[in-house]
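Please look over the structure shown here before reading on.

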Amino acid sequence: MSRNLTDTEPQTGTGPPPATEAETPKAKKQFHIDIYRDWCKSCGLCAAFCQKQVLGRDDAGAPVVVNPDACIGCGWCELHCPDFAISVRPKEQAAPPEEAD
Ligand code: SF4
Ligand code: SF4
């Protein structure tokens, strides 16, 4: 008895297969980073713990947000700030513009 080993189905359609959910690119989340200057003592811990180099320090050593798009919202800067002087929260989706009356 012979067996057909070329077990291929004929391809239908001309384009690439539809992307599965796993292959669909997701919109990157973005985050607001707020630094409360009155509470910050410029210790530099937040910048030191930021694994994405989102935070830098100015000439006086105060933290500055230098690369906000790289933030992944891990919260390490917040977690390590001894003075609760930095806050990271997700940006909301852009709301539709309100209609003027
Ligand atoms: S949340 Fe994470 S990635 Fe974003 S600034 Fe803080 S430490 Fe850096
Ligand atoms: S860890 Fe807190 S106090 Fe220290 S530099 Fe960052 S925001 Fe300022």
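The questions below go from the chain to its core and its ligands.

Guide: This is a predicted model, in which local features need pLDDT of at least 70, side-chain atom pairs count only at pLDDT 80 or more, and totals for chains, interfaces and linings use all residues. Residues are numbered from 1 along each chain as its sequence is written, while chains are lettered from A and ligands numbered from 1 in the order in which they are written.

Visitor: In what order do the elements of the chain run from the N terminus on?
Guide: Helices (H or I, at least four residues) and strands (E, at least two) are DSSP runs, numbered from the N terminus. The chain has two helices and four strands. From the N terminus, their order is β-α-β-β-α-β.

Visitor: What percentage of the residues of the chain count as buried?
Guide: A residue is buried if 20 or more other C-beta atoms, placed from the backbone, lie within 10 Å of its own. The chain has 101 residues, and the buried part comes to 12%.

Visitor: How many residues make up the largest nonpolar core?
Guide: A nonpolar core is a set of buried Ala, Val, Leu, Ile, Met, Phe, Trp, Tyr and Cys residues joined through C-beta atoms within 7 Å. Among the members here are Cys 46, Ala 47, Cys 50 and Val 54. The total is eleven.

Visitor: How many residues surround ligand 1?
Guide: A residue counts if its C-beta atom, placed from the backbone, lies within 6 Å of the molecule. The closest include Cys 50, Val 54 and Cys 71. The number around ligand 1 is 14.
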